Amino acid sequence: MAEPVERRILGRMTPSDEEIVINFGPQHPSTHGVIDFVTQTNGEIIRRSIPDIGYLHRGMEKIGETVGYPGFMPFTDRIDYLAAMFANEGYAIAVERLLKVEIPPRAKYLRAIAGELCRISNHWVAVGTMASDIGASTPLTHALREREAINDLLEELCGARLTFNYARIGGVSFDAPEGWGEKILRYLDHLDSYVQEYDRLISLNQIYVKRLANVAVISRDKAVAYGLCGPNLRGSGISWDARRDLAYGAYPEFQFDVPVGQGKMGAVGDCWDRYAVRVLEMLESSKIVRQALAKLPEGEIMAKVLRKPKPEPGEAMGRVESARGTMCYYVVSDGSEKAYRVRVRTGSFMAMGIIEELSQGLMIADLIALIASLDVVAPEIDR
Amino acid sequence: MNAQEIHAKLKAQFGDAVGELTEAKIDPFVTVKSDKIVEVCRFAKSAAGLDFDYCEDVTGIDWPARNLIEVVYHLFSLQHRHQIVLKVEADRSQPSVPSIEGVWKAANWLEREVYDMLGVTFVGHPDMRRILLPDDWVGHPLRKDYQEAGGYHGVTNTRPDPLVRLVQKVDAERKAIAAAAPPPVAAPATATTTTTATATATNIAPAPAPVPATAPAPAPAKKESPNG
């Protein structure tokens, strides 16, 4: 039998007499899920930290090969339970491309509205837990209260507060309920002004800024080389957003900006930039939802798709801009009613790959800031 | 650039090492000879006009019928917003492909995952070990012929069919009740009227409870367990 995995990682480390190796995780509140960071330190300075993942691996890709095309949809919720709308949508887009199905405009708009609400809700958790990790406990309670309002709105739409299972292959499962739009607008009015208040509370707080500015700077080249995506890539100053640049779904019909890190508090690509991108993205999402509600077309919400679709043999990639970056579903069909291969490429997995290099020379407290600023979520890393 | 132009450029540089563009399959892809993949990737990254700066995904597909494993590379150019899918075929018995970790750092973890899930060894990878599963795991789960072991270090990953278990439990309870019941001959002898008989039956705690009519019917023996 091989050595236990922990020993193997430690075997790659050769601590000197002054250094120690500590397991930061897997059960630790600031690791954002069950992840182990095997960390070699000299006092407070990290020599390097190697992430050990897989604690939440549930074999999603294998499940995708066994349950049939529509049957995999509820599983996608569990890949990223903080932003399940995108996980649904990405899979639906991949299979729709295989089936060559065009979904009705109303379904596209509903996906965009639900998705952007979900992004706001996810970013509230991201910015709230980040403040909490840094040591400010109040902002998290505010952030969770804000998220609660969105959970209520999405519950009204599809009956679920976390694992939505909202998108369907060919459309969405439920139409918008009566009076839903007004409720959203009321919330968005509150959100737009509340973000300013939140900025005064924490984003521009001197202690908070000093903990994040110039910490764990990811340069442009490094961000691209490591395949970072979403707010982590944009935090490094690269203006890339699948919603704008790949123009999928209803997004070509909306006007919105793509916030990028500008190094306002320190170097471009530091922890504060990644944080600030998320705060600004909430306001952009708010803009998108307002436009989508104003232009929401009437009509069907489902295209005609067989209950057990059998796509022609072939392969297609479905990409969406998830809250954690471009989420890709690569689905291969062999012509039967079950997928031959389902591959899920997630932003959290890519973000974890950069930690070993970035951790070198950080303080232990800064490693926590780095993990929080990458906004990783363990089930999305492990799938 | 579209896929045809990208393919033409790769073909002009590498000739026979780059296969035809498979266009009929929704997302077109190009099959590349295994020993040329690093050079092709380096060229795709650096050549003017191609500028594939972003390795979006590395994954694999198992084809037992064709006796090979395909390693699939999704390359993307953030600058030009174009993409190409490259594939490398590896022998299924000893799959081994050169590592492109030196071209894009992102491939480091992606190749480790392919190794973990499909057993493809990437030659030249600096840290070729399992990433999601424990190091002493047996087999590679995304292979089509993968058989789950009964468990891992004494932790079982199967369970009996809950319906079968329920039927067994109900049967055992019925037997216990029947064993605890007084002999069936004694009851009609002592009972003078029907009313007293029911009164005693309801008052004595361990009285033989009649088998409820709604008890779950035994499951058909042939029904397969959903959990194997």
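Two residues are in contact if their C-beta atoms, placed from the backbone, lie within 7 Å. The model is a predicted one, in which local features need pLDDT of at least 70 and side-chain atom pairs count only at pLDDT 80 or more, while totals for chains, interfaces and linings use all residues. Residues are numbered from 1 along each chain as its sequence is written, with chains lettered from A and ligands numbered from 1 in the order in which they are written.

**Exercise 1.** Determine where A:Tyr226 lies and which residues it touches.

Solution. 
Step 1. Helices (H or I, at least four residues) and strands (E, at least two) are DSSP runs, numbered from the N terminus. A:Tyr226 is placed in the loop between helix 9 (220–225) and helix 10 (231–235) of chain A.
Step 2. A residue is buried if 20 or more other C-beta atoms lie within 10 Å of its own, exposed if 12 or fewer, and partly exposed in between. A:Tyr226 has 27 other C-beta atoms within 10 Å and is therefore buried.
Step 3. Leaving aside residues up to four places away in sequence, A:Tyr226 touches A:Met350, A:Gly353, A:Ile354, B:Lys105 and B:Ala106. A:Gly353 is 127 residues away along the chain, yet its C-alpha atom is 7.1 Å from that of A:Tyr226.

**Exercise 2.** Describe the side of chain A that touches chain B by its elements and residue classes.

Solution. 
Step 1. In chain A, 34 residues are in contact with 27 residues of chain B.
Step 2. Elements giving two or more residues to this side of chain A include helix 1 (5–11), helix 4 (84–99), helix 9 and helix 13 (347–352). Strand 6 of chain A provides the largest share, 4 residues.
Step 3. Ala, Val, Leu, Ile, Met, Phe, Trp, Tyr, Cys and Pro count as nonpolar, Asp, Glu, Lys and Arg as charged, and the others, Gly among them, as polar. On this basis the side of chain A that touches chain B has 17 nonpolar, 6 polar and 11 charged residues.

**Exercise 3.** Classify the packing of helix 12 of chain A and helix 15 of chain A.

Solution. 
Step 1. Axes are lines fitted to C-alpha atoms, for helices over the stretch in contact, and angles run from 0 to 180 degrees between N-to-C directions. Helix 12 (residues 271–295) and helix 15 (residues 364–374) of chain A pack at about 30°, their axes 9 Å apart.
Step 2. Helix 12 of chain A is therefore roughly parallel to helix 15 of chain A, a term for angles under 35 degrees.
Step 3. The contact is made by A:Cys271, A:Arg274 and A:Tyr275 of helix 12 and A:Ala369, A:Leu370 and A:Ser373 of helix 15 of chain A. These residues divide into 4 nonpolar, 1 polar and 1 charged.

Technical notes: Parallel < 35°, antiparallel > 145°, perpendicular 65-115°, else oblique.
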